[in-house]
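I opened my notebook to look up how the pieces of this fold sit together. I took the sheet, then the helices, then the ligand.

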Amino acid sequence: MNDIWNSPDKFNREASKWDENPQRRALALSVSQAIITTIKPEKNMNALEFGCGTGLVTLEIAPLVKKISAVDTSIEMLAVLQDKINASGITNIETRSLNLSSSSESDFPEKSFDLIYSSMTLHHIDDTAGFLNRISILLSPGGILTIADLDLEDGMFHDDPLEKVHHGFERRELAALFYDAGLQALSFETIYTINKTNRSGATAAYPVFLSVASRLSV
Ligand SMILES: C[S@@+](CC[C@H](N)C(=O)[O-])C[C@H]1O[C@@H](n2cnc3c(N)ncnc32)[C@H](O)[C@@H]1O
């Protein structure tokens, strides 16, 4: 059981079997396809994924951009991704063990990235507003932030009742947090629905949105 925000232990334990879940792979593929269709990544882009896990999304984006910094707090998730990178000979993904929600850890210079993306990680980060501020300044003016995550859910999605997570996000509230962080919300689109038997034993549908925002010029 886990009673703190962002304990890497859970993800370290799950890393070696993470990709075996077919729904997880299908979700990641839908997120990747939605990012590619909506953002149209370009070869001159420097990109960052926060909460990259085993790289299910990043490996789809990598051929389309110049460079990706793939960041996660779980060294075991990163190790799985690094094994895939080594096996495939991909040269434009750099893995980093980093907690971007901690002011003491992020050493990326301001305006480092043209594109920041993430899938199913924001709900694991306690201070959403503070975190969005922190990553917003990493975007170049006009740079794009795109985040896939759960719509507001019934609180039953995660199997461990003690795990500290946000129970999804209300789209208008997230758009307001984007704005407060110097980002303009451009779109929210439902891109996938997770059908899951939740911890109450009921089968429920959990929609996943892709949000897109751009960094206002400063
Ligand atoms: C639900 S998993 C999603 C992994 C991957 N994006 C995918 O779709 O398969 C959430 C990931 O976010 C990572 N994570 C949680 N909090 C984080 C933080 N503050 N900074 C970076 N990574 C974090 C976890 O270690 C985990 O790998």
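I found an open sheet of 7 strands in the order 3-2-1-4-5-7-6, with mixed pairing. Two strands pair if DSSP finds at least two bridges between them. Strands are DSSP runs of E with at least two residues, helices are runs of H or I with at least four, and both are numbered from the N terminus. The edge strands are strand 3 (93-97) and strand 6 (183-197), and each pairs on one side only. Direction ignored, neighbouring strands are turned by 15 degrees against each other on average.

**Reading rules.** I noted that this is a predicted model, where local features need pLDDT of at least 70 and side-chain atom pairs count only at pLDDT 80 or more, while totals for chains, interfaces and linings use all residues. Residues are numbered from 1 along each chain as its sequence is written.

**Strand pairs.** I looked up strand 7 (residues 203-215) next. Strand 5 (residues 139-150) runs antiparallel to strand 7, and 7 bridges join them. Leu145 has Ala213 of strand 7 as its bridge partner. Leu150 stands opposite Val208 in strand 7. Strand 6 is also antiparallel to strand 7, with 13 bridges. There, Asn195 is partnered by Ala205 of strand 7. Strand 6 and strand 7 form a hairpin with 5 residues between them. Gly201 in that turn has a positive phi of about 90 degrees.

**Helices.** Which angle do helix 5 (residues 128-136) and helix 6 (residues 171-180) make as they pack? I read about 45 degrees, with their axes 9 Å apart. Axes are lines fitted to C-alpha atoms, for helices over the stretch in contact; angles run from 0 to 180 degrees between N-to-C directions. So helix 5 is oblique to helix 6. Angles under 35 degrees count as roughly parallel, over 145 as roughly antiparallel, 65 to 115 as roughly perpendicular and the rest as oblique. The contact uses Thr128, Ala129 and Leu132 of helix 5 and Leu177, Phe178 and Asp180 of helix 6. Residues are in contact if their C-beta atoms, placed from the backbone, lie within 7 Å. Helix 6 lies across strand 6 and strand 7, at about 140 degrees to strand 6.

**Ligand.** I counted 24 residues around the ligand. The closest are Phe11, Gly51, Gly53, Ser74 and Thr121. A residue is near a molecule if its C-beta atom, placed from the backbone, lies within 6 Å of it. Helix 1 (8-14), helix 2 (22-39) and strand 2 (67-72) each give two or more residues to this shell.

Key:
Two residues are in contact if their C-beta atoms, placed from the backbone, lie within 7 Å.
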